[in-house]
Amino acid sequence: MADLVFAFDLALDRPIPIPAGAPLAALESLAAAPWAALQTAFSTAQQENAAAVVLCGRVLDPLRASPAQVASLRLLITNLAAEGCHTIWLTANASDCINAAAMLGNPSGLFFVTPAEPLTLLIRGRSVEIIAAQGIDTPAERSSVSPLTMPAAEQSPSLLPQRIVVGWDTAAWNLQRWDQASADSAGQTGSYGDSAGPNPICFQPGSIGIWGSRRLPILPAGITHLPPLQARSAHEASAGACATLTLSDRGQLPTEALSAGPLPHRFSTGLGGQWREVATHHVAWQSLAIASPSGGAEELATGIWLALEGLLPKARANLLLVNCSVGCGTNVSQRVRVEEIAAETLARVWQLCAPLAGRVWCAEIHADPSESLLPLGHAQAGGKTGSTTAFSAALADIVNALEQQLPADNSAAGLLETNTAREAGWLALELIESL
């Protein structure tokens with residue numbers, strides 16, 4: 001039994017990008033995925049007998065939403081309210097609350113939280129305060145905020161509120177594989193960086209910190225990552241999940257213990273079993289690695305189809321979109337050959353996938369760009385005549401030198417730069433080979 005269910009970045013009015021050539025069955029799954037993910041989160045709240053569902057990030061934009069989308073969301077909220085479960089919508093400012101409330105017609109069971117107006121409610125006899133982290137940077141600013149209570153009759157002055165601080169970033173909302181390193185520098189706000197300090201509210205005694213992100217940001221101890229409900233590309237850190245939080249086993253801390261200073265280590269370093277992610281994604285992306293066959297497009301297509309059949313029993317999503325990387329070792333000629341027959345191979349794979357187009361779809365076939373160029377470098381080639389050209393050896397040495405400059409912490413940005421360097425190196429070699 002959970003007390004709260006958290007759902008991040010629904011983006012119900014923003015369709016998932018459609019891969020080229022996708023059949024009707026795949027298109028329908030992609031279009032329905034955000035709503036199906038939200039329905040799964042709401043069903044989880046009902047099954048867990050939760051007190052509220054907490055929505056943060058993009059939900060439904062009043063300027064983009066269609067009447068059908070508005071009606072569907074309102075129905076979900078009112079049906080949840082009929083089960084005794086509230087919907088709490090966190091926004092960055094009051095105007096967003098006003099617009100969203102007007103759009104939905106102020107349905108029963110819907111409450112809003114802004115940085116200036118937290119929400120206090122009673123959950124199974126415990127007073128809980130929910131705060132939107134955006135825009136509140138210091139305890140002084142926090143002290144000027146007056147909480148909104150819901151409902152007032154349920155408040156008990158004898159209980160010290162359990163504070164839950166929820167923040168989120170806008171990074172990676174339109175992430176591509178080359179965007180990761182600069183995701184925080186393109187006008188995207190509120191994201192944690194390597195040097196960004198934590199919000200002081202999250203470290204006040206008794207606080208629980210939650211941070212929604214489509215990446216896997218480096219978060220301070222005591223702040224828990226909240227994944228999005230549904231991934232929107234192959235370059236995200238999570239396929240999609242909601243999260244449940246159970247407060248009943250934390251125990252009410254006495255007032256004197258809270259005023260004495262920071263919480264003990266066991267309270268401030270994570271939520272442990274109180275936090276549980278529940279898969280909500282209905283579309284998933286997966287990379288498939290296959291060795292390059294000696295034959296042509298027919299042999300390659302058959303090998304890919306056999307590998308796709310092996311993925312189906314393990315797939316939890318309704319639709320699996322697969323990017324296939326063909327391993328060619330250091331054979332540049334074979335890499336060029338794979339790229340030349342990629343379109344023909346893909347068309348053949350689509351024919352083989354047709355009976356299961358609504359379950360699995362191969363979106364892309366390419367020579368593996370992540371293979372190491374180390375064997376082509378001067379050190380590994382050993383100076384053997386004809387083993388490599390001067391250009392390929394020099395290029396391989398450059399790429400290998402870039403790999404040695406990885407950050408000590410193996411950060412995601414560094415790994416992306418390395419993969420990009422390898423891909424650029426292979427593209428250069430393939431260009432020379434094809435001339």
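Reader: How many cavities of 30 Å³ or more does the structure hold?

Author: One. The model is predicted, with local features needing pLDDT of at least 70 and side-chain atom pairs pLDDT 80 or more, while totals for chains, interfaces and linings use all residues. Residues are numbered from 1 along each chain as its sequence is written, and side-chain values use heavy atoms, without hydrogens or water.

Reader: What makes the largest cavity a cavity, and which residues line it?

Author: On a 1 Å grid over the protein atoms alone, a 1.4 Å probe fits at its points but cannot get out. Its volume, the space filled by probe spheres set on the points, is about 30 Å³. The lining (an atom within 4 Å of a point) consists of Ser292, Pro293, Gly295, Gly296, Leu300, Val326, Gln334, Val338 and Ile341.

Reader: Why are H1 and H2 called roughly parallel?

Author: Helices are DSSP runs of H or I, at least four residues. H1 (residues 24-47) and H2 (residues 67-82) pack at about 10°, with axes 11 Å apart. Angles run from 0 to 180 degrees between N-to-C directions, and those under 35 degrees count as roughly parallel, so H1 and H2 qualify.

Reader: Which H1 residues meet H2?

Author: With contact meaning heavy atoms within 4.5 Å, Trp35, Leu38, Gln39, Phe42, Ala45 and Gln46 do.

Reader: What makes E13 and E14 a pair?

Author: Strands are DSSP runs of E, at least two residues, and pairing takes at least two bridges. E13 and E14 (residues 319-327) have nine, in the parallel sense. Within E14, leucine 321 is the bridge partner of tryptophan 285.

Key: Angles under 35 degrees count as roughly parallel, over 145 as roughly antiparallel, 65 to 115 as roughly perpendicular and the rest as oblique. On a 1 Å grid over the protein atoms alone, a cavity is a set of points where a 1.4 Å probe fits but cannot get out, and a pocket is an open set with protein on both sides within 12 Å along at least five of seven lines; lining residues have an atom within 4 Å of a point.
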